[in-house]
Amino acid sequence: MNDLVVANRAADWRRLKRLVLDSVSSPITRRVYNLGLDEFFAWYGEESRPGFTKATVAAWRVALEARGLGAVSINVRLTAVRKLAVEAADNGLLAPELANGITRVKGVASKGVRLGNWLTAKQAQALLNAPDATTSKGLRDRAILAVLLGCGLRRSEVAALTFKHIQQRDGRWCIVDLVGKHGRVRTVPMPTWVKVAIDAWTVPAVITDGPVFRSVDRGGGVRQSSLSEKVIWQLLRPYAEAAGVPGIAPHDCRRTCAKLCRAAGGELEQIQMLLGHASVQTTERYLGTKQDLVHAPNDGIKLRVSV
């Protein structure tokens with residue numbers, strides 16, 4: 001048996017997909033796996049395939065490359081399909097030798113490190129000013145942009161932000177007990193201007209508990225439902241174009257936060273804690289730090305050698 005459709009037993013594949021998703025603990029990875037498997041199923045059904053085989057998955061990789069996806073995006077999708085093959089074999093829906101072949105499909109080699117995009121302080125201000133602050137939606141969107149740029153939150157963290165997170169610590173407003181990637185918990189200090197932007201949205205909207213960011217209908221009415229990560233991604237696009245920085249993604253705002261913190265004199269370790277990185281090397285990649293051989297830091301060591 002090597003046919004993905006399995007005599008149209010779609011329920012079997014939904015069950016296998018659930019097993020794959022349940023095998024990962026990170027909600028971010030789970031979301032990407034879910035997307036990758038849905039894309040694979042759609043691609044597989046577009047035309048007649050030889051079956052769920054190594055050759056088919058290799059062809060899927062070629063299709064992903066043709067879309068212009070990066071190495072990381074391609075490899076995480078391939079990993080999801082490999083896991084699907086393992087689960088199919090374990091449940092008697094795929095011959096073990098076929099599953100072994102699929103697991104041997106090679107990923108795409110990374111060529112260097114993709115550093116992403118950063119905004120200058122002027123560009124970040126233009127982006128923050130882009131929403132129409134005379135409307136409820138504009139006030140909400142400006143507050144979202146403020147949190148992205150000023151606190152460096154991931155879009156998943158913005159979507160999950162509640163009023164319980166916003167508390168005072170050491171005489172200042174903070175986002176406390178924020179659960180981030182891999183379940184790491186951190187406290188994020190909140191600049192005054194970010195709190196001003198949040199209050200400008202929540203006070204007239206009469207929101208005092210539950211999710212901070214909620215849906216707004218066409219008439220400007222605020223609903224109880226929170227925003228999804230996808231909506232946060234989508235709402236950024238028109239503002240980025242209006243600010244003259246098209247193509248900026250929410251994670252680029254996170255990188256920008258790190259970069260502006262460093263430019264303002266922030267210590268690397270403090271920026272690492274702000275972003276919730278397990279490794280300082282990850283923070284360095286966010287900063288896009290380049291070695292300065294002209295103004296080298298060790299030139300400041302003023303020792304003398306007698307000759």
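Rings of Phe, Tyr and Trp (for Trp, its six-membered ring) form a pair if their centres lie within 6.5 Å; planes under 30 degrees apart are stacked, over 60 edge-to-face, and the rest tilted. You are looking at a predicted model, in which local features need pLDDT of at least 70, side-chain atom pairs count only at pLDDT 80 or more, and totals for chains, interfaces and linings use all residues. Residues are numbered from 1 along each chain as its sequence is written, and side-chain values use heavy atoms, with hydrogens and water left out.

**Stop 1: the rings**

By the ring rule, there are six aromatic pairs. Select Phe 40 and Tyr 44. They form a tilted pair, 6.0 Å centre to centre, with 50 degrees between the planes. Both sit in helix H2 (residues 27–44), four residues apart, so about one helical turn separates them. Helices (H or I, at least four residues) and strands (E, at least two) are DSSP runs, numbered from the N terminus.

Phe 40 is buried, at a relative accessible area of 0%. Tyr 44 is buried too, at 7%. Buried means under 20% relative accessible area, exposed over 50%, and partly exposed in between (1.4 Å probe, protein chains only).

**Stop 2: a loop residue**

Select Phe 163, in the loop between helix H8 (155–159) and strand S1 (166–169). Its C-alpha atom is 5.3 Å from that of Asp 209, 46 residues apart along the chain. Beyond its neighbours within four places in sequence, Phe 163 has contacts (heavy atoms within 4.5 Å) that include Thr 202, Ile 207 and Pro 211.

**Stop 3: a hairpin**

Select strand S4 (residues 214–216) and strand S5 (residues 222–226). They run antiparallel, joined by two bridges; strands pair if DSSP finds at least two bridges between them. Val 216 has Val 222 in S5 as its bridge partner. Five residues lie between the strands of this hairpin, and Gly 220 in the turn has a positive phi of about 90 degrees.

**Stop 4: a buried threonine**

Finish at Thr 256, in helix H11 (residues 250–263). Thr 256 is buried, with a relative accessible area of 0%. Among the residues it touches are Asn 117, Trp 118 and Leu 149.
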